[in-house]
Every structure is written in structure tokens, then in C-alpha cells.
Amino acid sequence: MNVSDTEIVNSILMEEGMEPVNEPEDAEIIFVNTCSIRENAEERVWNRLKEFRALKRDKDGNLTVGVLGCMAERIRDKIIEKEQLVDLVVGPDAYRDLPKLLSDVDDGRKAVNTILSLEETYADIKPIRTNDNGVSAFVTIMRGCDNMCAFCVVPFTRGRERSRPAESILDELQQLSDQGYREVTLLGQNVNSYDDGDHSFADLMYKASQVDPEMRIRFSSPHPKDFPEELLEIISEQPNLCNYIHIPAQSGNNAVLERMRRPYTREQYFDLVEKMRDIIPGLTLSTDIITGFCGETEEEHEDTLTLMAKVKYDLAYMFAYSERGRTLAQRKYEDDVPEDIKKRRLSEIIKQQMEIQEELNKQEIGRRHLVLVEGTSKRSDEQLCGRTDTNKMVVFDRKDFQKGDYVEVTITDCTSATLMGEPVQKSSIQEFSRETVTA
Ligand code: 5AD
Ligand code: SF4
């Protein structure tokens, strides 16, 4: 989401005649786009800001430093008054105001706009992607979140949920296709509640699939509470809608889920996973998990381990609970699981997850996948890397293949994170049959 927001900011600034530079030393203005989701995200921002304060001194004050994004709203007063670290503070709904705020700074004023909006979706702004691989892009389809999970600061920092009109999303997909992009991830905090007045998320996904049959469509993130069967059918039927779903569970225990204000049970979650796998053969899944949420007992933690062992996710993002200001958990519950226990539980779930991933990846050996080449492998110039439809990273010999190609690859080896394979031939979504993978 922040990468996508930065691309919107790029567009607004470049419209004003500004140009990106590669090194902070060469910049006249530096913006730090910030995240508040956990304490350690915020700590990293504070450290960066201190580095930039030193840089500003080296440049005899000829540097403007601004904070964008979620942290802006939360700590604007602290940032500007106490720490003297920054000149500009701009929240996620106020980027259109950047040119005016920059001129306030030029006039010697501190500039702040952290007002949240009920409407802003930046629908008409064409993001400028200065830092991607030219193959895969993010497209934001909605902003904000109304779910109010007890642990989460997003509803406070990003405001109310609002959907960007489908027409402007589909236009952007067409432009990306014209520019040669081969994969798009549709982004929102809670995509299943997408509603622009005329389209549900399932409608949008169907229309997105029709823009370019050779462009893969992914999305992040849905909420388990309202996953429509219609959407699963559409994903299963359209070859370019990817067979991979990120479906955050957060915990495997019903009492914890209730304290978290996640309106589903472990049993309902299992039913959903079963339905997904029934409708979409070969589907891979990933999840988000929090360990050590307020009041979590050893038994409740065990339930998370067993949930993860039963579902067998192909990928998991796992976090120790971190209390955030203004959330329901902060106001109502005590953050009472000691840090060392949170960390121990986190390493337990990570360890189990790595074993599961390795086991699942071993089952891939011998299968043939359609891989979209993203670029050169990190390990060797002689090798390319790219993802399967099911979102697994595959590394294979370069031969004559290029970035942006779809290549059929037979999997020959793996680690818990990556598959290795032998390229067979160049192909396309339409030529390749998904049954080849599950056969
Ligand atoms: N502490 C730890 N993890 C959190 N997340 C959200 N809020 C917190 C928090 N306070 C995690 C959730 C969410 C992901 C984006 O970040 O798992 O799905
Ligand atoms: Fe946060 Fe819950 Fe909204 Fe996700 S659905 S952004 S976890 S409040």
C-alpha cells in the first residue's frame, strides 16, 4: 500500500516539475513514507529521520524533510515541535496538497495536513512507477478500513473505507497492459467490501480479467468474514485470475478471535478454506498471524499452531503483537503477554511454518508451472526468477528467455522459500492449461 501511495506522490510532484534522484545527498526534498502498523516499523522511521537531520546539517540547512503516511497523523505534534526533525507532515489523504505545503515551507512555515477524507481515492491520478521491474504493478482499488479489528491502527491512520470507481481502475489496467506490464495486484485493506455503487469486488475482478487475457491479476487482502462464493467461481474460471489467496487468520483460537473483534470462528475459517480448495483446484494460500495478543494463554497459542498445521499455508506473515495507540485493545485490554513469551511463541510458529513450506515445496518437484519472468535471479546472472500462478518464486537457467516472458518450467528442486526448475518452452496463459499443474 505504501509503495502504491509513493507512486501517487511521485505523480503529484513530477507534475510540478520535480524529478526523482537516486541518492539522498543529491536531493533537495526527502519524503519518508511511513507505516504505523507495529512499533518496529515506527522505530525504523525515527532512525531514518535522524540520519536525514544530520544530512540537513551537512547541507547547511538546504534540505526539506517531510513525513508522509500513517505516522504523520499519529504523531504530528511530536514530530514538529519536540523533535525538530521535519518541515512537513502530510497524511495519506492529503497528498494533493503537497505543492501548496511545499511552498509554505519555502515561506518559512512548518506545513501540516493530516486531515482524513471520506472520498479521496486519487482515482484520476496516474501513478508514476519509478522503482519497479516493469512487469508487475500495484493498483489501489480502495482506501481506509471500517473493520476495527481490536489490534489494528489502520482505521485511525487511514480513515473510513471508500472505493475507487471501477472505470478508473480498469483504465489504469489497460494503460499498464499497453506499457507491457504482465501482472497487477489490486490493493485494499479489505477488498471484499469493495463497492463503487455499481460493482462488487467479484464484478471488478471479472472485468479486470477481461482487460488483457495475458495479464495476471492478484489481490490483497480479503477478510475471512465475507468471502463470496461467486468470487471463487470467477477466479476458478478465468485463467488470468491467479490461484493464490492471502486470507489472514490472525489466530486459531475462538476466544482470541473474539477479543480481536474478528467476526468468524476457527470452524468457519476451516469451512472457508475447504470451500476455496474445492472450487479452485491447486489453490495456494497465505495468511497473517499475530502471537501474544492480549490475554493469550498457552492453550490459545496451541490452537494457532494447530490451525496452521491443518491449513498448511504456502506462505505466512507472522508477527508478535505490538500495542498501538487508540485501538480498542489499547483502551480495553492489558498487553499482558511478556515480550519473551511473545517472541518464543512467534519462533514456534515460524519454525513449524518453515517445515510446512518445505514439505509443500517438495510436493512441487516434478510438476510443470507457468512462470512469469520478473528479472535476473539474485544469486546468479545466468539465472532468471519469476512466479508461478500460485505465487511461488522459481529460479531457472536464463537461456533465451526474457523479463516479461511466460515460461513453462519443470520443478526439479526446492528450499522452504524458493523452487528451482528446468525451463521447457516459452508459452502464454492461453496456451498453458492449469490442469498441467495439478495433473
Ligand atoms: N501488532 C502486530 N501485528 C499487527 N498487525 C496489525 N496490527 C498489528 C499489531 N498491533 C498485522 C496483522 C495484519 C498485518 C497487516 O499486520 O496480522 O493482518
Ligand atoms: Fe486492520 Fe482489521 Fe482493517 Fe485489516 S481488516 S486493516 S487488520 S482493521
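A salt bridge is taken here as a side-chain nitrogen of Lys or Arg within 4 Å of a carboxyl oxygen of Asp or Glu. The model on display is predicted, and by this rule it holds 39 salt bridges.

Begin by selecting Lys343 and Glu339, whose side chains form one such bridge, with N and O 3.6 Å apart. Both residues belong to helix H13 (residues 339-364) and are four residues apart, about one turn of the helix. Lys343 is partly exposed at 43% relative accessibility, and Glu339 is also partly exposed, at 44%.

Next, select Asp5 and Arg158, which meet in a salt bridge at 3.1 Å, N to O. Asp5 sits in helix H1 (residues 2-15) and Arg158 in the loop between helix H5 (154-157) and strand S7 (162-163), so this bridge ties together parts 153 residues apart in sequence. Asp5 is buried, at 0% relative accessible area; Arg158 is buried as well, at 4%.

Arg143 lies in strand S6 (residues 142-143), and Asp93 in the loop between strand S3 (88-90) and helix H4 (98-106). Both are buried. Show Arg162 too: shared partners join Asp5, Asp93, Arg143, Arg158 and Arg162 into one salt-bridge network.

Now move to ligand 1. The surrounding residues include Ile37, Gln250, Asp288 and Tyr321. The side chain of Arg38 places an N or O atom 2.9 Å from a ligand oxygen. Ligand nitrogen atoms lie 3.0 Å from a backbone N or O atom of Phe151 and 2.7 Å from a polar backbone atom of Ser322. The protein covers 86% of the 410 Å² of accessible area that the ligand has on its own.

Terms used: Residues numbered from 1 in each chain as written. Chains lettered and ligands numbered in written order. Predicted model: local features only at pLDDT ≥ 70, side-chain atom pairs only at ≥ 80, totals over all residues. Heavy atoms only, no water. Near = heavy atom within 4 Å. Polar contact = N/O pair within 3.5 Å; in protein donor to acceptor, adjacent residues only side chain to side chain. Areas by Shrake-Rupley, 256 points an atom, 1.4 Å probe, with all protein chains shown as cover. Helix = DSSP H or I, 4+ residues; strand = E, 2+ residues; numbered from the N terminus. Buried < 20%, exposed > 50% of the residue type's maximum accessible area, 1.4 Å probe, protein only.
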